[in-house]
Amino acid sequence: MSTSRINELRAKCRAANLDAIIVTNMEQVRYLTGFSGDSGMLVLSGHGAEFLTDFRFTDQAKKQVRGARVSIVTGDLYVNLKEVAILKGRNQRVGFCGDHLSVTNRDKLAANLPEALPVNADSLFAEMGWVKDTAELTNIRKAVEISDTVFRRILELVRPGVRENELAAEMEYQMMMLGSEKPAFDTIVASGYRAAMPHGVASAKRLEKGDFVTFDFGARVNGFVSDITRTVVVGKATPRQKKIYGIVLKAQLAGIRRVRAGVAAKAVDEACRSLIKKAGYGKEFGHGTGHGIGFFIHMGPRVSAISKDKLKPNNVITIEPGIYISGWGGVRIEDDVLVTRTGGKVLNRAPKNLLEL
């Protein structure tokens, strides 16, 4: 698997007239090589591939890395670049990951490869991993299954007086027990007025009767993630809560119906956004409708009003419209959706009807 990904990147380098590329972002390194440690870099050229790490990861690298020769080095990894055989030579065009490289490390790269011409190669990663193969889809489905199970379990603990961060801790524990490596991102539990915060990471706030509670979380299996959002009510829902929830659910279902290979991603956004605007809450839906998931929690295709992406078979995207009313609360509903030639297949099975707990 890693070898095919490396070969894909090598072909992209060739097309971009790069002699080599240095991959330093650890998520990208893991995607390409399988290495799950937190220190290392991949050097790739048309003639070979070398993975650099230090003594701490000797056994791990030898066990996990595929498609590249493992070199255990001492001292700063950037300093060791000047000893890498495939980087020796004058006037080589060497790509680097600009979005993930600090100014300090960019300077160290240039200092240790004085004969090379560094080139920002972020564009080479633009669509890498968007289309999933069978093994990747299996991992995503397992992550989705874990998140669905955890949602069902956490419902038993939703009651007045419980803190948001207590629920988040329990959710993350349950995900780990079910086989998740770690949370896909910081778990969001936002209740009451905090449900109006799209990224309201769990706080010490206690749930109160009548609160909307938004759960947004995901699992990670072999590096591949899930991303689900559900909103529930503590106690009985008010007519206003039922109205807002119904609008969001209707919009989310409309977006899912629009999913199909070949469709412009912005058309999916419009399917959701137009219904929310028509209901009078366009200004309260201030983010995109969704994004791709896979080895990264946020990747393409981007599902938004300004997206230029088109959906392809075996993309996996989120559909997650929301309405957020400052000082009152909010609702978001999100599923992971597999793009097929005949439509969108929702991977989640967690209920989406308004639950009054």
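**Sheet, salt bridges and rings**

Author: D216 has T229 in β11 as its bridge partner. Helices (H or I, at least four residues) and strands (E, at least two) are DSSP runs, numbered from the N terminus. Two strands pair if DSSP finds at least two bridges between them.

Reader: Before we go on, what kind of model is this?

Author: This is a predicted model, where local features need pLDDT of at least 70, side-chain atom pairs count only at pLDDT 80 or more, and totals for chains, interfaces and linings use all residues. Residues are numbered from 1 along each chain as its sequence is written, and side-chain values use heavy atoms, with hydrogens and water left out.

Reader: Back to the sheet. How many bridges join β8 to β11?

Author: 6 bridges, and the two strands run antiparallel.

Reader: And what is the strand order?

Author: β7-β8-β11, an open sheet of 3 strands with antiparallel pairing. The edge strands, each pairing on one side only, are β7 (188–191) and β11 (228–233). Neighbouring strands are turned by 10° against each other on average, direction ignored. Axes are lines fitted to C-alpha atoms, for helices over the stretch in contact, and angles run from 0 to 180 degrees between N-to-C directions.

Reader: Which helix packs on the sheet?

Author: Helix α7 (residues 164–177), touching β7 and β8. Its direction makes about 150° with that of β7. Contact means heavy atoms within 4.5 Å.

Reader: Switching to charges. How many salt bridges?

Author: The structure holds 14. The rule is a side-chain nitrogen of Lys or Arg within 4 Å of a carboxyl oxygen of Asp or Glu.

Reader: Which residue forms a salt bridge with D216?

Author: R332, with the closest N and O atoms 2.9 Å apart. D216 lies in strand β8 (residues 212–217) and R332 in strand β16 (residues 329–332), so the pair ties together parts 116 residues apart in sequence. D216, E320 and R332 are linked in a network of salt bridges.

Reader: Are D216 and R332 buried or exposed?

Author: Both are buried. Buried means under 20% relative accessible area, exposed over 50%, partly exposed in between (1.4 Å probe, protein chains only).

Reader: What about D76 and K108?

Author: Their side chains meet in a salt bridge, 2.6 Å from N to O. D76 is in the loop between β4 (69–72) and α4 (77–80), and K108 is in helix α5 (residues 103–112), 32 residues apart. D76 counts as partly exposed at 29% relative accessibility. K108, at 25%, is partly exposed too.

Reader: Now rings. How many aromatic pairs?

Author: The count comes to 8. Rings of Phe, Tyr and Trp (its six-membered ring) pair if their centres lie within 6.5 Å; planes under 30 degrees apart count as stacked, over 60 as edge-to-face and the rest as tilted. In one of them, the rings of Y31 and F295 have centres 5.4 Å apart and planes at 65°, so the pair is edge-to-face. Y31 sits in helix α2 (residues 26–33) and F295 in the loop between β12 and β13, 264 residues apart.

Reader: Which residues form a cluster with Y31?

Author: F224, F295 and F296.

Reader: And what lies over the face of Y31?

Author: R5, at 4.3 Å from the ring centre. That needs NZ of Lys or CZ of Arg within 6 Å of the ring centre and within 35 degrees of the ring normal.
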